[in-house]
Amino acid sequence: MNKKEIDILILRFVSGEATKAEAKQLELWLSESDANRAYFNKIKSVWSNIKAPEPDSIPDFENFWFKVDAKLQNGTDTGSEDILNKGSLFSRLFGKPVYAISGAIGFALIVLFTCIYLFVFDKPQILYYSTGNGQKLEITLPDGSKVQLNADSKVSFPERFRNSRDISLDGEAYFSVTKNGSPFIVHTQNASVQVKGTKFNVNARNRKTHVMVTEGAVLLKSANPSNNASVLLHAGQASMCLNESAPVKPVQFKNKTIPWLNNIFVFENTPLKEISDELIRHYNINIKFADPSLETTTLTGEFGQQNLEEILKTICLSLNLKYKYNGTGYIIYSN
Amino acid sequence: MSEQELITAVKNSDAAAFKELGKLYYRQLYGFIWRRIGDKDSVEDLLQDLFLNIWRLRNNLDEKRSVKPYLFAAANNLIKNYLKSRSLKEKRISELLPDDLGTDSHGEKELYNYLDDVLSGIPENQKIVFLMNKFEGFKYSEIAEMLNISEKTVESRMSKILKTLRDKFRSAKLLLISLIVGIPGIWAIFKSGNYN
């Protein structure tokens, strides 16, 4: 055996993968010389001395799952029935009907479909992408759809789509979905947005999912399984789900394009806290309020492609407030 | 319920079944994430994220396949994303060990420092294979499934790491440790039948 083959054999042995035949092979090789035995020992001792570090304590599972469960209760409904594999071609082929096909034809078909299955329906991993404050990201999905991810947002999806295209979103993203027949569903903490092929924006933060459609149509529903109401949104319409409630009636929105894609902010009776959160996400600079009661003051206005100071200046001017920079961030206070 | 039945139930939005599934793999997944990241609070956050995502994307579960490689692959991607988005490096093994290792500690600490050096120098795809086998106890076949590669590839990556370990293994002190541990060890192995 050459050096490489020996290495692989020894490795298989020490890692517990070796078969009886391989162990015998190794035994034989070891009996050949002292040098062989010394070599093996060296590897064996290094290998067995490496032990996985263990954390000194692991949180109790029940406590851990309690937190997971709380978020699961708003578990995302999977939408229409055809998403579930029950009706899929693949499960019917591998279920009972296969036995009805007889002889060589049957065998050939099984081989053929196994190949197709392995090739097409391969085990998808879940991929994760996220942005921090001040970051944006454009991602192409396995089906060619594009996702523009806004700041402080997370998205995940399988490496390969099967019968449906499922995306998980926390934060904000703009989707351009390719039409390929299978349902495209965005799952947020408290809602799901299902489309066929279209362009739309989803803002899902703090248990509020807000959807704006710029092209095509989407179906918005709550993730709450006991709440089946859904709202169909066409281009130019927006709606939202707050916590466990059903989606609200669609409203028209006037902007033809989604504001954040062009670095524009649109606020409509928006509380200052929300405004400052959005500014922090975009500019990655801290903004605080001297007096917490200021956070609920609302503002209506549009800010386009300005730097942060200009925006703060305008906000303070309209609300008779002042701001100052203290080295680590901005503070807004009453005049 | 068998694992296969659990998966089917989870796909049917059975939250209780999902909890059962979580219970089966909680400890292992926690250990896996902790060994890469080290910070317990982040580990718990990531593990929560993992389960929530698996739930949201449950349409993609496949009862015909083992769920373990799928869970660990998802965890692996989550970890990679977490480290990348915070510009962090994986925890060195020596950083994970408790400060007081007992009387044999000096030899062990040196071994782990040496291992850390080796691991930091090898390609990611080799390192993950090694970690999954040595630390997480995955068989080659499970690693192959998790990373979507062949068993032969797993084998060849493992042997490359071994070569790297061996090539750097020249310190006399470590050689001494190995001689002390090794010689009685070799006969014990054959006696115990440590093979499949």
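This is a predicted model: local features need pLDDT of at least 70, side-chain atom pairs count only at pLDDT 80 or more; totals for chains, interfaces and linings use all residues.
Residues are numbered from 1 along each chain as its sequence is written, chains are lettered from A and ligands numbered from 1 in the order in which they are written, and side-chain values use heavy atoms, with hydrogens and water left out.

Of the 196 residues in chain B, 54% are buried, where buried means under 20% relative accessible area, exposed over 50% and partly exposed in between (1.4 Å probe, protein chains only). Among the contacts in chain B with a separation of 6 or more, 62% come from residues 24 or more positions apart; contact means heavy atoms within 4.5 Å.

The contact between the chains takes 83 residues from chain A and 72 residues from chain B. The size of an interface is often given as the accessible area lost when the parts come together. Here chain A and chain B bury about 7,600 Å² between them, with 61% of this area on carbon and sulfur atoms; the value is the accessible area (1.4 Å probe) that the two parts lose on being put together, summed over both. Eight salt bridges are counted between chain A and chain B, each a side-chain nitrogen of Lys or Arg within 4 Å of a carboxyl oxygen of Asp or Glu. One of them joins B:D49 to A:K154, with the closest N and O atoms 3.1 Å apart. There are also 24 residue pairs in polar contact between chain A and chain B, both residues at pLDDT 80 or more. A polar contact is a pair of N or O atoms within 3.5 Å; within protein, one must be able to donate a hydrogen and the other to accept it, and residues adjacent in sequence count only if both atoms are side-chain atoms. On the side of chain A that touches chain B, the largest share, eleven residues, comes from helix α3 (residues 34-49) of chain A.

Over all chains, 24 aromatic pairs are counted. Rings of Phe, Tyr and Trp (its six-membered ring) pair if their centres lie within 6.5 Å; planes under 30 degrees apart count as stacked, over 60 as edge-to-face and the rest as tilted. The rings of A:W47 and B:F130 are edge-to-face because their planes stand at 80°, with centres 5.7 Å apart. This pair joins two chains, since A:W47 lies in helix α3 of chain A and B:F130 in helix α7 (residues 124-135) of chain B. Both A:W47 and B:F130 are buried. The pair A:F175 and A:F200 is stacked, because the ring planes are at 15°, with centres 5.1 Å apart. A:F175 lies in strand β5 (residues 165-176) of chain A and A:F200 in strand β8 (residues 199-205) of chain A, so the pair ties together parts that are 25 residues apart in sequence. A:F175 is buried at 0% relative accessibility, and A:F200 is buried at 0%.

A:T209, in strand β9 (residues 208-215) of chain A, is buried with a relative accessible area of 0%. Its side chain makes a polar contact with the side chain of A:N190 (2.5 Å).

Definitions and conventions:
Helices (H or I, at least four residues) and strands (E, at least two) are DSSP runs, numbered from the N terminus.
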